[in-house]
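The following exercises concern the architecture of a single chain. Each task is followed by a solution in steps.

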Amino acid sequence: MAVREIKPGVYSVGAIDWDRTVFDELIPLPEGTSYNSYLIKGREKTALIDTVDPAKEHILMENLDELGVEKIDYIVANHAEQDHSGSIPAVLERYPEAKVVTNAKCKGFLVDLLHIPDERFMIINDGDELSLGDKTLRFVFTPWVHWPETMSTYLVEDRILFTCDFFGSHVATSDLYAKGNYEVYAGAKRYYAEIMMPFRMMVRKNVQKIESMDVEIIAPSHGPLYKDPKFIIDAYKDWTSDDVKNEAIIAYVSMHGSTKKAAEHLAGALMERGISVKVFNLSTADIGELAMALVDAATMVIAAPTVLGGIHPSAIYAAYLVNALRPKLKVMGIISSYSWGGMAAQHVQNCISVIKPDMLEPLLIKGDPEEEDLRKIEAMADEILKKHRDLNLIEKGGE
Ligand code: FEO
């Protein structure tokens, strides 16, 4: 990968991972990802902002060779997760004078994860500055975007903010900068939904902190950089707001078609009532797409059959995931199709312990849905419409 100059003395030296398909053995990466690393050459000192995933360590080293970097004084670790920190030991070995510059909490994680010796650290606090000669690094603590230790680094003279995961997107692209905001919006929203939504209130505070700064370029450590910081800041303000939208998610799994019929009937009934619907078949759904839908939706209905004496395990997985992601959901419903044993709804409800949506009366359907069951599904749609009206998501009397 080629080195790219961002401003005089500031270079992108990270790696693109074009064909990585999953992250944390959980999150699908339909567009690959990148591990952005930045080299800042000051008149007196040189700093590297974040490193790369160990799988791409050779690319970082080749890029440093291309720039003829003989000495690195500081390796700034904005975040301890190994996709950014994993190559720090190799950089420390290659540049024996280098110190890892980070906060105390991040140091603890780096010692635990990478066994970096104590004497290689320089600990900084929120607001501290570090001079490279003619360039100054200022550290801005931004916890919980994604772990508790995460921070950003501001290059004062060039007004570049290096934010690591914050504002990032899992997108492999040869474009240094986000081209056309729409393209990067989905990737950034997916990333927010997957790793930051559980910490929404903290993320909101961090967005306010960044908004008060004079930033020309936001340079995250995944995906393209932003020359238009307002675009991504406004998107984050929307996602972290308390507002929900007139949208319902139906997540279902069906073995022989009964639950699918119920889920599709509910989708049609909600559409007729003017509610936007996103339907996910849990057997094949991209969990990232589901997480994105959860950023905005007011309502979610999980529909699943009984199997092995309880609700289908895919429904439990979905309920567990929703509870972990802590979305803004206001209303939840459960539809269960069964032949014998009707405890399925309780199994799902047991997984929803952290979020506190209004739970609709569970709808149990014995066998294949009949006319009476379809009317009950429409009654559920009426109840959801009423709740959305009460939330002022729909004009009273209109849709
Ligand atoms: Fe990209 Fe939380 O690491």
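A residue counts as buried under 20% relative accessible area, as exposed over 50%, and as partly exposed in between (1.4 Å probe, protein chains only). The model is predicted, so that local features need pLDDT of at least 70, side-chain atom pairs count only at pLDDT 80 or more, and totals for chains, interfaces and linings use all residues. Residues are numbered from 1 along each chain as its sequence is written, and side-chain values use heavy atoms, with hydrogens and water left out.

**Exercise 1.** State what share of the chain is buried and what its surface consists of.

*Solution.* Step 1: 58% of the 399 residues count as buried. Step 2: the accessible surface (Shrake-Rupley method, 1.4 Å probe) is about 16500 Å², and carbon and sulfur atoms supply 50% of this area.

**Exercise 2.** Determine the strand order of the open five-stranded sheet and identify its edges.

*Solution.* Step 1: strands are DSSP runs of E with at least two residues, numbered from the N terminus; two of them pair if DSSP finds at least two bridges between them. Step 2: the order is β12-β13-β14-β15-β16, with mixed pairing. Step 3: β12 (129-131) and β16 (217-220) pair on one side only and are thus the edge strands.

**Exercise 3.** Describe the pairing of β13 with β14.

*Solution.* Step 1: β13 (residues 136-141) and β14 (residues 151-155) run antiparallel. Step 2: five bridges join these two strands. Step 3: within this pairing, Phe-141 stands opposite Met-151 of β14.

Key: Helix = DSSP H or I, 4+ residues; strand = E, 2+ residues; numbered from the N terminus.
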